[in-house]
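User: I have a structure open and would like to go through a few spots in it. Can we start with how helices cross?

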Amino acid sequence: MSARSAPPRVWQRMLSGRRLDLADPSPFDIEISDIAHGLARVARWNGQTSGAHAFSVAQHSVLVEQIAGIADPTLSAAGRLAALLHDAPEYVVGDMISPFKALVGGEYKVVEARLQAAIHLRFGLPADRPIALTDAIKAADRVAAYFEATELAGFTATEAAKFFGRPRGVHKEQLPLDPWPTAEAQRKFLERFTALADALAGETVSA
C-alpha cells in the first residue's frame with residue numbers, strides 16, 4: 001500500500017512511550033503521567049485569561065474536584081476521582097471551548113466518550129458514571145466555570161450567571177483561582193490523583 005493510499009494515523013505517541021489509538025483507546029495505553037503532563041499544558045478559555053500563566057485544565061480539574069467535595073462532603077473517593085478526571089480526555093483532544101463545540105456538532109463527543117471510558121477503566125472506575133454522579137460533577141463544573149469566567153476571563157457576574165448559574169454554598173475565597181505555573185499544575189494534579197487513588201484502594205479493600 002502506498003503512502004498516498006494508507007489510512008490516516010489515528011493514534012498519538014505519548015511521552016511515556018505509549019501509543020494511544022483514538023479510534024479504539026485501550027486502558028493499557030493510558031498513563032496518569034501523560035494525562036497530568038498534557039492537562040497542565042492545555043489552557044482553559046483558549047488562553048484568554050488574566051495572569052502570568054494560562055489557567056490549565058489540570059488546575060480546573062483540581063478545582064472541580066474540590067468544589068464537588070464542598071458540595072457533598074460525603075462524596076466517596078471514587079466520586080472525587082471521577083470529578084478529578086472529568087476532563088481527562090482533553091490531554092489528547094485539547095479543550096474545545098463551548099462556542100466551537102456548538103459550531104462543529106456532537107461527533108467529537110463520541111471520541112471523548114471512548115477516551116473517558118478507557119480512562120475510568122484504567123484507574124478502577126466504572127466505564128460509565130452513575131447519572132447522579134454525572135449531575136454532581138456537571139454542577140461543580142458550572143461553579144468552577146462561573147468563578148473562572150468572572151475572576152479570570154473578563155465576564156461580568158450577570159453574564160456568567162446567564163451561562164453557568166450563580167454558585168451557592170461555594171465562595172471564591174475557598175478556591176485556587178490564581179493560575180499555577182505549568183510544573184505546579186502538573187504536580188498538584190498528580191498529588192490529588194495519588195491521594196484519591198490511594199483512598200479508592202482503601203475503600204475497595206474495606207468493601
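Analyst: A crossing is called right-handed if the near helix is turned clockwise from the far one by less than a right angle, and left-handed if it is turned anticlockwise. Keep in mind that this is a predicted model.

User: OK. Which hand does the crossing of α2 and α3 have?

Analyst: The crossing of α2 past α3 is right-handed.

User: And what angle do α2 and α3 pack at?

Analyst: About 145°, with the axes 7 Å apart. Helix α2 covers residues 57–71 and helix α3 covers residues 77–84.

User: Which residues make the contact?

Analyst: From α2 they are Ser61, Val62, Val64, Glu65, Gln66, Ala68 and Gly69. From α3 they are Arg80, Ala83 and Leu84. Sorted by class, this contact has five nonpolar, three polar and two charged residues.

User: Glutamate 65 is in there. Buried or exposed?

Analyst: Glutamate 65 is buried, because its relative accessibility is 2% and the cut-off for buried is under 20%.

User: What does glutamate 65 touch, apart from its neighbours within four places in sequence?

Analyst: Glutamate 65 is in contact with Arg80, Ala83 and Leu84, and also with Arg192 and Leu196.

User: How far is glutamate 65 from tryptophan 180?

Analyst: Their C-alpha atoms are separated by 16 Å, while along the chain the two are 115 residues apart.

User: New topic. How many aromatic pairs are there in the whole structure?

Analyst: A search finds six.

User: Where do the two sit in the chain?

Analyst: Tryptophan 45 is in the loop between α1 and α2, and phenylalanine 164 is in helix α8, residues 157–164. The pair links distant parts of the chain, 119 residues apart.

User: Which residues do ring pairs link into a cluster?

Analyst: Trp45, Phe155, Phe163 and Phe164.

User: Last one. Which ring does the charged end of arginine 9 sit over?

Analyst: The ring of tryptophan 11, at 4.9 Å from its centre. The charged end of arginine 19 sits over the ring of tryptophan 11 as well, 4.6 Å from the centre.

Conventions
Residues are numbered from 1 along each chain as its sequence is written. This is a predicted model: local features need pLDDT of at least 70, side-chain atom pairs count only at pLDDT 80 or more; totals for chains, interfaces and linings use all residues. Side-chain values use heavy atoms; hydrogens and water are left out. Axes are lines fitted to C-alpha atoms, for helices over the stretch in contact, and angles run from 0 to 180 degrees between N-to-C directions. Helices (H or I, at least four residues) and strands (E, at least two) are DSSP runs, numbered from the N terminus. Contact means heavy atoms within 4.5 Å. Ala, Val, Leu, Ile, Met, Phe, Trp, Tyr, Cys and Pro count as nonpolar, Asp, Glu, Lys and Arg as charged, and the others, Gly among them, as polar. Rings of Phe, Tyr and Trp (its six-membered ring) pair if their centres lie within 6.5 Å; planes under 30 degrees apart count as stacked, over 60 as edge-to-face and the rest as tilted. A charge sits over a ring if NZ of Lys or CZ of Arg is within 6 Å of the ring centre and within 35 degrees of the ring normal. Buried means under 20% relative accessible area, exposed over 50%, partly exposed in between (1.4 Å probe, protein chains only).
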